[in-house]
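Let's walk through this one together, question by question. Have the chains open in your viewer as we go.

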Amino acid sequence: MTEPLLLLAALATACLGCALLALSQSRHWRLVNGGQVSPSATGTAAMRGLAVVMIVAALGFAFGRDGAAFGALLWSTLVSLAAAVTALTLAWSPHWLRPIAWPFRSHSRSPMPGIRGRTR
Amino acid sequence: MHGGFRAAMTWLHTWAGLVLGGVLFAVFWTGTLSVFHEEIDRWMLPSTRLTQTDAPLSLDSAVVPAIATFTQDATQWGISLPTPRRPHAPFFARGTDGEFTVHALDPATGTPLPPTQSEAASGFIVPFHYSLHIEWKDLGNWIVGLASMTMLALLVSGVVIHRKRFREFFTLRPHRNRQRFNLDLHNLTGMVALPFHTVITLSGLILFFGVYFPGAAELVYRGSPSPQGAFIGDAYGGYHRPAAGTSGEQGSLDAMLAVARDSWSGSPARFVRVWHPGDANSYVEIRRGYGDQVGLTRDQIYFDAATGEILHAFSAAPVMHVQRFIGGMHYIDFNHWTLRWLYFLGGLAGCAMIATGFVFWLQARQRRLAVHGHAGRRTVAGLAVGSVTGIIVATLALLVANRALPAQAELIGMERERLEILCFFAVWAASFVHGWLRPEAAWREQCGVIVTGALLAVALNAITTGDHLLRTVATGYWPVAGMDLLLVAGAAVAADAFRRLRPRQVASHAGTPSREHA
């Protein structure tokens, strides 16, 4: 029973890590939150730091499930999958990532009101 | 200076990709299919759709008596033991005349299965992946090797050209124009699967070091009378002793298998071979299975056939161990379904990257070179269509021919298995001509053929074998159910492409060629 759970945990942390990395880029942040909301002063750095933690955690889960040899292969391919999933989510349902962005939002209004939300 | 470097990389990326993109797509496509070669074999070889039992296999009581007629006068015989993905046991015996007798055995009874009459995936698709079936002077291996080196150069030059894109990692804009979406898809598949593509290409080259670096053995074993033989013995292991000429007993093979398994910390064997059967000097070779580790292990043990005494045990040296690990990463002969699917997706990403690269080249020149007038663009269009959708159509032709050709089919001296392959190559060649004749419409038309071919293959499998999707899914027979489901999924994707590629009234939607490229 632990094997599927560890796999799920590795995939979930890898996806969360990639989503945070994407949100730390201004183009994707605007796409998800609209131009009116900006990340807090420390938000971008916090997202990147947490993303690294998540991706390292995924490595831990992969090693825990499969050991070093299979775990390394599993982790590297899972992170690629997570990056693809993140890109597809941003392309078709970016609002799904809004809950992940929420803790990193600035409480004040965007200092750049001129910036528009999604541009297609 | 920097602009010059980037321009040079762009030139390299454009033209190397164009010249070898067709070979690369063929190698990536067949490689992606090879991930599931055992499952494709089950689909294409219905006689091997055996139900696996949990009962332990006994060579002594079931197999050895059943194959006595083949092994009586043999100088050696061998059997590949069934694996979780391959229920049957391929068997060979070599006669005193040097001729091989080959059968697929039912491991439960030792009886030969009916002849398969198809090369299937293991005999056609997998060798195509690394040799293109050009055997003359290993030319096919060398072309694939050159394409692999080119792939590595393309990956590096692609990163240089698109390095600014890393700031926009994860960007995919399906709602913009086609050209934007195509280039986004090219960059995205290239970037997210970059580690996989690099490792899979490099490991493929390392796997074939013997072909690409044939002089290596001569350099190291210069003093030896047979440098190649000495190298193979040291690197891969082996043991030999001549026949005595007097008759001898055959001890229990099952007991030797048990000893081997114990000395490999529980790993089952994959292959058993009896040398000089019936001779006083007869000995038994047992090789360790690949299922539970990444590397393609070379562990092997040799037993005296009569007494079961261990004559020689081999384990690869550290350097060879590394080579076998890298090779095993490429081969994925291990039991790991998650990784198998992830490799499959990585392979598909590679196919998408190469296909979108081709499409970008064509789109970027759509305006610059008048669409129908320019011979060069037309040639590339034919090359791209045949390389991408053409090989997919040809693969489906192979599957359809496999199910539709009658058992005793023969034409111009070619037997059934050759005819299947003829269908593949004939359809593939036709797809290039089609692409050249109708450069604009061929993409869509071949997508239509893919839909038809994939659904036809599923229907023919149901009709000719009775293993239709309802039955295979209900009984959980996943090798065949999975193949059928992937064919249906592929048909759905091709149908969507067919719908999206319908001709538009105004052909000016494609936007201007990007300055990033070409």
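**Salt bridges and surroundings**

A search of the whole structure turns up 19 salt bridges over all chains, a salt bridge being a side-chain nitrogen of Lys or Arg within 4 Å of a carboxyl oxygen of Asp or Glu. This is a predicted model, where local features need pLDDT of at least 70, side-chain atom pairs count only at pLDDT 80 or more, and totals for chains, interfaces and linings use all residues. Residues are numbered from 1 along each chain as its sequence is written, chains are lettered from A and ligands numbered from 1 in the order in which they are written, and side-chain values use heavy atoms, with hydrogens and water left out.

Q: Which residue forms a salt bridge with A:Arg65?
A: Side chains of opposite charge can pair when their charged atoms come close. For A:Arg65 the closest N and O atoms are 3.8 Å apart, and the partner is A:Glu3.

Q: How many residues apart are A:Arg65 and A:Glu3?
A: This pair links distant parts of the chain, with A:Arg65 in helix α3 (residues 43–92) of chain A and A:Glu3 in helix α1 (residues 2–23) of chain A. Helices here are DSSP runs (H or I, at least four residues), strands likewise (E, at least two), numbered from the N terminus. The separation is 62 residues.

Q: Where does B:Asp467, the salt-bridge partner of B:Arg49, sit?
A: The side chains of B:Arg49 and B:Asp467 meet at 2.8 Å, N to O. Both residues are buried. They are 418 residues apart, with B:Arg49 in the loop between α2 (37–44) and α3 of chain B, and B:Asp467 in the loop between α17 (442–465) and α18 (469–475).

Q: What is B:Ala66 in contact with, leaving aside its neighbours within four places in sequence?
A: B:Ala66 is found in helix α3 (residues 59–66) of chain B and is partly exposed at 29%. B:Thr109 is 43 residues away in sequence, yet the C-alpha to C-alpha distance is 7.3 Å. With contact meaning heavy atoms within 4.5 Å, the list is B:Thr109, B:Gly110 and B:Thr111.

Q: Where is B:Trp142 placed?
A: B:Trp142 is partly exposed, at 39% relative accessibility. Its place in chain B is helix α6 (residues 139–161).

Q: What share of the 120 residues in chain A is buried?
A: Among contacts in chain A between residues at least 6 apart in sequence, 80% join residues at least 24 apart. As for buried residues, they make up 42%.

Key
Buried means under 20% relative accessible area, exposed over 50%, partly exposed in between (1.4 Å probe, protein chains only).
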